[in-house]
Each structure stands twice: as C-alpha cells, then as structure tokens.
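Welcome! Here are a few exercises, each followed by a worked solution. Take a look at the model, then try each task before reading on.

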Amino acid sequence: MTGSSARPIRTAIVGAGNCASSLVQGIAYCRALGDEAIGVAFPTLGGYRPEDVEIVAAFDVDARKVGRTVGEAALALPNCTEVFHKDLGTMTAPVMRGPDLDGVSAFMRNQAPDRSFVVSQEPALDKAGVVAALREARAEVMINFLPVGSIEATEFYADCALEAGCAFVNGIPVFIASDPVWAERFRKAGVPIVGDDFKAQFGATITHRAL
C-alpha cells in the first residue's frame, strides 16, 4: 500500500446526504486500501490522491446528523446510498447545524421519517457562525451537496465561502460558477469556484443529458 506525500486538502461539506456519504466512504476506503482500491478513474491527479482529502467540517439540518461525526452522519437516515465501506471511525469532523433556508422543501417535510428530513431543534448557525467554523477548521475547500433547487441556501454558503477564503465546489445544478456576478465576486477575491453540478456515471444529470 502506497501513501501520498501531498499536503491534505482541508475540506468542508454542506449537506451530509447521499452524495456526501459516497465521498466520505470513498475517502476512507482509499485510505484503507491504498493502491489496492478500485473504482477511481484517476487515482493520482496533480500529485493528489483521494485519501488526501481531509473532511474537517460539515453542515446539515437533520437531527440524526447534527452533533455527530461526519462518519456517523454518512450512514444515518435518511441516507440510502450504497454502503461499500462501513469503517468510518477516522472520519471525526463535526456536523454542525446549518440554516434551513430553502434546503428543506415542503415535500421532504411531508414524507415518512426514514425517507425525509427530521429537522434539528438545535439553533442554526448564521453567516458569522458558519464563517467562524470554517476558519477554526482551517477549511480550504467547501463542497456543496445541498438538495437540488436550494438556491437561497447555496448562495448563503457561497457567500460564507467567499468571506472565509474557501474555494467553492458547487455539486448541484444551481448557477453560481456560471453566473457572471458570482464568478466576478470570486475572481476579485482570488478564491477558486467550480461547478455547477457533478455528473456521476449513473446519476440523473448524465442520464438526461445522454437522452
């Protein structure tokens, strides 16, 4: 097993749902298996390997995730993604209570608990609180895994990333990186921004794009 000598990429996650679960499991899996890990198209990219991603903070609204570690939250309901690596004991970053904004839809509030959000009663962090948490964690990159359509919430966290000096990776189809106004704000701040949306091999985006 060969390790990487690259400096860790200190990363914060917004939304500890299925996409975040796959990422957290994948990082732990690659750390455990090293060169024997399978399923990564480019195991070394720019001198970095998957295990170099270090999750240092996470934000969510669900009572089953807030206050727990990111490893525990990755396997908590209502997540239902494939569990391919259960040993997440080293993934100890805290999951903090973010604001609801438009990230909790009426549809999700009206489903059975095992298929919907159970909104935490903990007080939500405001912008100053999120920025302070990012700075305390020394986060360098923020990945947005909020539910699709969370425009207000995505803009809130993009603003927090700007103020904290974090690169912003937008994993959902809400226009941030492709919006000229937002792009210019990040350019002026000297902070990288990429997105909008990820395309997994079997995800909805790549399917409807192919069709």
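**Exercise 1.** Does A12 count as buried or exposed, and at what relative accessibility?

*Solution.* Start with the ground rules. This is a predicted model, in which local features need pLDDT of at least 70 and side-chain atom pairs count only at pLDDT 80 or more, while totals for chains, interfaces and linings use all residues. Residues are numbered from 1 along each chain as its sequence is written, and side-chain values use heavy atoms, with hydrogens and water left out.

Next, the cut-offs: buried means under 20% relative accessible area, exposed over 50%, and partly exposed in between, with a 1.4 Å probe and protein chains only. A12 has 0% relative accessibility, so it counts as buried.

Then see what surrounds A12. Leaving aside neighbours within four places in sequence, its contacts (heavy atoms within 4.5 Å) include A57, F59, L134 and V141.

**Exercise 2.** Describe how α5 packs against α4 and α6.

*Solution.* Take α4 (residues 127-136) and α5 (residues 151-164) to begin with: their axes come within 9 Å and cross at roughly 50°. Axes are lines fitted to C-alpha atoms, for helices over the stretch in contact, and angles run from 0 to 180 degrees between N-to-C directions. Angles under 35 degrees count as roughly parallel, over 145 as roughly antiparallel, 65 to 115 as roughly perpendicular and the rest as oblique, so α4 is oblique to α5. Residues meeting here include V130 and L134 in α4 and F156 and C160 in α5.

Now turn to α6 (residues 180-189), which packs on α5 at about 15° with the axes 11 Å apart. These two helices are therefore roughly parallel. From α5, the contact uses E155, A158, D159 and L162; from α6, W182, R185, F186 and A189.

Terms used
Helix = DSSP H or I, 4+ residues; strand = E, 2+ residues; numbered from the N terminus.
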